[in-house]
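Student: I want to know what stands behind each term used here. Let us take the terms one at a time.

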Amino acid sequence: MRAVNETNVICKKSSMAKQRQTASSKNGSLPVEGCQSGRNFQGTNSTSWTKLVMDMYPPGTSIRSCICPYCNVEQPPRAKHCYDCDKCVLHFDHHCVWLGTCIGQGNHCKFWWYICEESALCLWTGILYITYLRANISRAWWNDAIAILLLIPLSIFIVFLLLLLFFHSYLILTNQTTYELVRRRRIPYLRGIPERVYPFSKGVCHNLYDFCCDGSNIYSLEPLPSAQELEEKSRPYTCLDVLTCRCC
């Protein structure tokens, strides 16, 4: 009986270990055996991340100012620490108070479609309001006072959403973020670049493709362009560039 009980205990322990290993693999973490091997894995992971981030910057660029003081990690280009979410976000655009989350590389496309749907909904509601008022224009205006009062804030929402939609469409076409556009002079690696030069732009068509269609590019890192690439992008467009679709 004692041997059977010991066998059952060993089987239960092995099954629990397998369940833990399966759960850790589902969460995306690697099962580490022993404290020493875990330390070696973390150290190797940190070293490879530092090397990967350093390769994102051109030779001669100092990344000491790009170390996050809160996360204590090297930030790749276009990343920023969000004080509300308390984490670093790739391609940080802004922190949306209404949605309660950061808008960055993983959800910027969904945010744009969300604004587009809200704009279409408000426009359709405004059209229904105006159609209703025109059909009942012979009636006294105070009978439709509520509809008229609701049409005023609806018009304000429509203008705000359309401006926000056009603004983010401009950012998408030029491969920029709200943070980079507003705080350009305070970002170290964008401080010396002229304002009309978009360092991360690959052309309108390529920017749209990377933003909407390239699903494998969700969590990729984008390196800083070299001085030669910046000089090429700062060159004004000519008729030959338009014919050869340089802007695309």
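Student: Which residues does His108 touch, not counting residues up to four places away in sequence?

Tutor: His108 touches Asp93, Ile103, His168 and Phe211. Contact means heavy atoms within 4.5 Å. A word on ground rules: this is a predicted model, in which local features need pLDDT of at least 70 and side-chain atom pairs count only at pLDDT 80 or more, while totals for chains, interfaces and linings use all residues. Residues are numbered from 1 along each chain as its sequence is written, and side-chain values use heavy atoms, with hydrogens and water left out.

Student: What makes the pair His108 and His168 a polar contact?

Tutor: A polar contact is a pair of N or O atoms within 3.5 Å; within protein, one must be able to donate a hydrogen and the other to accept it, and residues adjacent in sequence count only if both atoms are side-chain atoms. The two side chains of His108 and His168 come to 3.2 Å. That falls within the limit, so the pair qualifies.

Student: Why is His108 called buried?

Tutor: Buried means under 20% relative accessible area, exposed means over 50%, and partly exposed lies in between (1.4 Å probe, protein chains only). His108 has 7%, so it is buried. His108 lies in helix H3.

Student: What makes a run of residues a helix or a strand?

Tutor: Both are DSSP runs, numbered from the N terminus: helices are H or I with at least four residues, strands are E with at least two. The chain has 8 helices and 4 strands. Their order along the sequence is α-α-β-β-β-β-α-α-α-α-α-α.

Student: Where is Gly126, and is it buried or exposed?

Tutor: Gly126 is in helix H3, residues 108-135. At 7% relative accessibility, Gly126 counts as buried. Its C-alpha atom is 9.7 Å from that of Leu150, 24 residues apart along the chain.

Student: Which residues does UniProt list as "transmembrane region"?

Tutor: The unreviewed UniProt entry lists residues 111-133 and 145-167. UniProt positions are in the numbering used here, feature names are shortened, and annotations may be inferred rather than shown by experiment. In the model, residues 111-133 are 100% helix, with end C-alpha atoms 33 Å apart. Residues 145-167 are also 100% helix, with ends 34 Å apart.

Student: What makes Glu222 buried, and where does it sit?

Tutor: Glu222 has a relative accessible area of 12%, so it falls in the buried class. Its place is the loop between helix H6 (204-213) and helix H7 (227-234).

Student: Which side chains does Glu222 join in polar contacts?

Tutor: The side chain of Glu222 reaches that of Arg78 at 3.0 Å. It reaches the side chain of His91 at 3.5 Å. Beyond its neighbours within four places in sequence, Glu222 also contacts Met56, Pro77, Asn175, Phe200 and Lys202.
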